[in-house]
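Please keep the sequence and the model in view.

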Amino acid sequence: MLYGRSAEMAAIDDLIDRAGKGSGGALVLRGEAGAGKTALLDLAASRGGPMRVLRTTGVEAEADLAFAALHQLLLPVTGLLDALPEPQAEAVCGALGLAPAGSGDRFLLAAGVLSLLAEAAAPDGLICVVDDFQWVDRPSADALLFAARRLGTEPIAMPLAVRGDMPVKGLPSLEIAGLAEPAAAELLDAGFTLAAPVRRDLVTLTGGNPLALRESARLLTPAQRAGREPLPDPLPGGNRLFGDRVAALSEGARLTALLAAVESDLGLVLRAADRLGAGEAALPELESAGLAGVAGTHVRFRHPLIRSAVYEAGSPAQRREAHAVLAELSDGDRRAWHLAGAALGQDESVAAALARAAELDRDRGGYGAAATALTRAAELTPEPLVRARRLKDAAVAAWLGGRPGQAESLLAEACEFAGADAALHMEIAQLRGRFELNSGDAAEAVRILASGDTLEMLADASEAAAYVGDTEAIIEIGRRAAAFPEGFLRDVVAGIGAALADGSGHDLLRRALGRTGELREAAEFLWAAAAASQLGEVDLSAELAERAGRVARVSGMTGQLPVVLEFVATAERLAGRLAESRAVSEEALELAREAGYANTVAAHLANLAAVAALRGEEEVCAQYAREALAIAVPHRVGLRAGVAAYALAMLDLCLGRFAAAHDRFTAIASAGPGAGHPAVVWRTTPTGSRPPWGAGDPDAARRALEAYERWSAHAGTAESRALLARCRGLVLPDDQAVEALLEASRLHANPFEAARTGLLLGERLRRTHRPGEARAHLRAAFETFHRAGAAPWARRAHGELRAAGESMRTGADAAAVPEAIPDVGGTALDTLTPQELRIATLVAGGATSKEIAARLFLSPRTVEYHLYKIYPKLGITSRTELARLVVLQAQ
C-alpha cells in the first residue's frame, strides 16, 4: 500500500488517461533512493486496464552494455518488427542482436524504437515503464528519450524513474519527496509499534524517506522503539542500512550475492557460483533474506542500496576474482567488461578486447557505449601512442553520440599521449576543428583546420571559413587546394577560392558539377550545391541540397542529418515552400539539440526567423532571430548571423518600416566575418528589397548590380538569368526596366521568384500608367504569395491590385480576396500543420506510409494518424483526392 502519494498517483493516472485517449507522453519521477519511485511505477503498470505493459530496469552492472535495457524492454514485441519501415527495422534488429548491424545511425534506430512502441500500443494502448533510468545504458537511454519526446500522437504512457539530479531534457518531471509526518506515521504504524516521540524523530531524521523509515525502525532495539533509550546517532544508512543482513549471510550466499552485484544474468551467476563452490542453497538464501530475487533471466536486488552494500562488503581481490570467473564464462562485450573488472594494472589484451567490443557497439549505433568502452580501453593500454588513438576514437564516438563536451575532453587527453606522431596530431586537429564548427567557435575551427596539409582538412577549413564569412581565408585555402591532383573535391574548393579571388575558377566549378552523376554521399551533394551557388545558379544549388537531404535520410548519416537539413530547409525557403521549410527546420532543430550541435541549432533558428518574416509573424520572427544571434554571434558563425539579421530586415520591410529595413540591410551588406556573410548579400540583391534599390541612390544601385553580374557571370540556368534580368530591371529607366522584368518573367522556373518579379513588374507598369497590363502580373503574384502563406507579400500585391483598379469584395478585411481572382482551391493546405503538409506532399508524390515514416523519422501509425486528421481538414476522403489537391495548389 502507498501512503501519502495521492498527488503522485493522480499525476500517473492523468498520464495514463491521456495516453488511452491517444495523446501520449512521458513523466519523469525523480527522487532519492528509497523514496518510493519503484512502488509508483508498479502502480502505473497496474492502472491501464487492457493497455499492454512493457518494462525495463537500469542495472548498474549492465550500464556499459550497449542496448541491454532496450533488449529487455523490446524483446516481448520483436514479432511486430515486420510492420516497421525497412531501414528502421534493420536498425532495431541490429541493436538487439537479432541481425547483423545496419548503418549504425542512431536516429534511424531511435525512430525504429518509436515505431515499434507504436505498433505494440495497438489496439488498447501501451504503458512503457522504465525504472532506475540513471543506470540505463547510454544507447538505450538515447533511443528511449528520442521516443519519449515524440509520444504526443501515440497511445503510449512512459513513466521513468530516476535517482538524483541526472538531467532528463525535454520531459516533465515530478519530484518524489519524503512523506509528510501523517503519511509516514501510517507507514510505520502498519509494521511497527513505536512511541509517538520516536516516530516523530524517525520522520525528521530520515526526511520521510519510506525505505529509510522502515529499515531504520527494523534495526531499532525494543527499548529504542519504546523511547526508553535514545536513537542511534547517526541512523543506519547506505551500507549500514543493509550491512547487517549481508554480514549474516553464509559464505556461499555472500559470494553469490557478489557475483550478482557485478553480473545480473541469472545463468552466468549460477554457473560462476557453482565454479566457485558457493553451493545450490546460496540463491534461495538470498531470496529468503529478502535481499534479492529472480526476475525472468536476471537476478535483481530488492533495492539498489542492497547491491551497493554487497559490493562494498567484498574486498578488491574478491571483486576481481568474481569478474575473472564471469569473464571465463562470458563472450562478446560482457567478457570484455569482466576482463576489465578483473584487470590489475594496464593490460593490452584486455584493452584490445574492449576496443573490439566498442567497434561492435559503434556498428549498432551505440556510440555512447562505444565511447565508454574505448575510454576504459585507453586507461588499460600501456603503449602511449595506441592509447592516444583509442582516446581519439572514443572522442569520435562521443561526438556521434551527441556528447560534444565529452568528445572535446577526450581529444585533449589524446593530444597528451600522441607524442611525436605528426599524422595522429593532424587527425586530432581535424576532429577538433569539426567539433568547433559544429558546436563552438567557427573562426577557431578555420584556424585549426587551415593548419592541415591534406585536401580533406583544407576542404573542412574552406567549409568553416564559408560559415564564418571569411572570404580571404576561402581564397587562401582554395589556392592551397589547387596544388592537389584534379578531382571533384579539389575542383570545388579551388574553384570557389579562385572565383572569389579574381572571378576565375568557373571552369573548375563547372567540371565538378559535370561529375554530379557520380556522387553518392550527402556531403558530396552539399559540395556540389556550394559549387552551383558560387556560379550563381541558386536553383541548381537548391536542387542539389535537397538531393543531399534525401540521401542523408536513407544512408545512415550517423548523426549528421541535422547539419544536412540546414541546407535543405534553406532550399525550401528560397523556393517559396515556406511551410515545408519550417517543417524541416522544426524537425532538424530537435535533432540538433539532441545531438548537441549548437551552431546547427543557430542555423535552423535563423531559417525559422526568415520564414516567419516572409509570413509576417513579427513576434515569432523576432524570438527566433534573437535566439539564433545569441549563438551565432559569439560563435562567429557569420552565415547564420547574416540570415537572422536578414530575417529582421525583411520583417521591417514587410511591415512597412522602410527606414529600419534600410538600416538593417545596409548593416548586413557591411558586416564583416563572423557577423554577416557575402552570400546573404548576394542572395538578397535580386529581391529588390535591400538597399540601394529603394534608397534613392542610383550610383550605389549600379554598383550592387555590377557586383551581382560578376557573381552570376558564368551562371547557365534559366532561373539565374531570370534573377539577373530582374536586378537589371531595378536600375534601368522605366521602358527598359519593363522589358528586363518581362524577360525575367519568361525565364523563371521558381514560382515564388516569378511572383516577386511579377509584383515588381506590376508596380512598374502601374506607375507608368499601364494599369491594365499590370493587373495580370499582380493577380498571379498575389495568388502565389497567398498560397505560400507569405502574407505581407500577398498584402502588398493586393494593395497594388486595388491601386491598379481591380474590383474588391466588400468588408473590412484588408486581406480579402479580389473578386476577379478565380478560386483555385483557396488556401486549404494552409490549414495543415507543417508536419501534416510534409506528409500530404509525400503522399501526393506516391509515397506509402512506411516510406514516409522512414523519411521523417516517424512511426507508420503516426503517419496514418496525421492522414486521419488531414482528410477532414481538407474535405477529402482518399489519397487520390489529396494528391490532386496538392498538385492543384502547387500550380
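Two strands are taken to pair if DSSP finds at least two bridges between them. Helices (H or I, at least four residues) and strands (E, at least two) are DSSP runs, numbered from the N terminus. This is a predicted model, in which local features need pLDDT of at least 70 and side-chain atom pairs count only at pLDDT 80 or more, while totals for chains, interfaces and linings use all residues. Residues are numbered from 1 along each chain as its sequence is written, and side-chain values use heavy atoms, with hydrogens and water left out.

Consider the sheet. Five strands form an open sheet in the order β2-β3-β4-β1-β5, with parallel pairing. At its edges stand β2 and β5 (173-175), each of which pairs on one side only. From one strand to the next the twist averages 15°. Strand β1 (residues 25-31) runs parallel to β4, joined to it by seven bridges, and Ala-26 stands opposite Met-158 in β4. Strand β3 pairs with strand β4 (residues 156-163) in the parallel sense over three bridges; Ala-157 in β4 is the bridge partner of Ile-127. With strand β2 (residues 52-57), β3 forms a parallel pair over six bridges, and Arg-55 stands opposite Val-129 in β3.

Strand β3 (residues 126-131) is mostly covered, six of its six residues being buried (under 20% relative accessible area, with exposed over 50% and partly exposed in between; 1.4 Å probe, protein chains only). Leu-126, Cys-128 and Val-130 are buried on one side of β3, and Ile-127, Val-129 and Asp-131 on the other.

Helix α1 (residues 6-20) lies across β1, β3, β4 and β5, and runs at about 145° to β4. Axes are lines fitted to C-alpha atoms, for helices over the stretch in contact, and angles run from 0 to 180 degrees between N-to-C directions.

Elsewhere, Thr-256 belongs to helix α12 (residues 251-262). Why is Thr-256 counted as buried? Its relative accessibility is 2%, and Thr-256 therefore counts as buried. Neighbours within four places in sequence aside, Thr-256 is in contact (heavy atoms within 4.5 Å) with Val-269, Ala-273, Ala-278, Ala-282 and Leu-286.

Finally, the axes of helix α43 (residues 834-844) and helix α44 (residues 849-856) come within 10 Å and cross at roughly 130°. The two helices α43 and α44 are therefore oblique to each other (angles under 35 degrees count as roughly parallel, over 145 as roughly antiparallel, 65 to 115 as roughly perpendicular and the rest as oblique). Gln-835, Arg-838, Ile-839, Leu-842 and Val-843 of α43 make the contact with Ile-852, Arg-855 and Leu-856 of α44.
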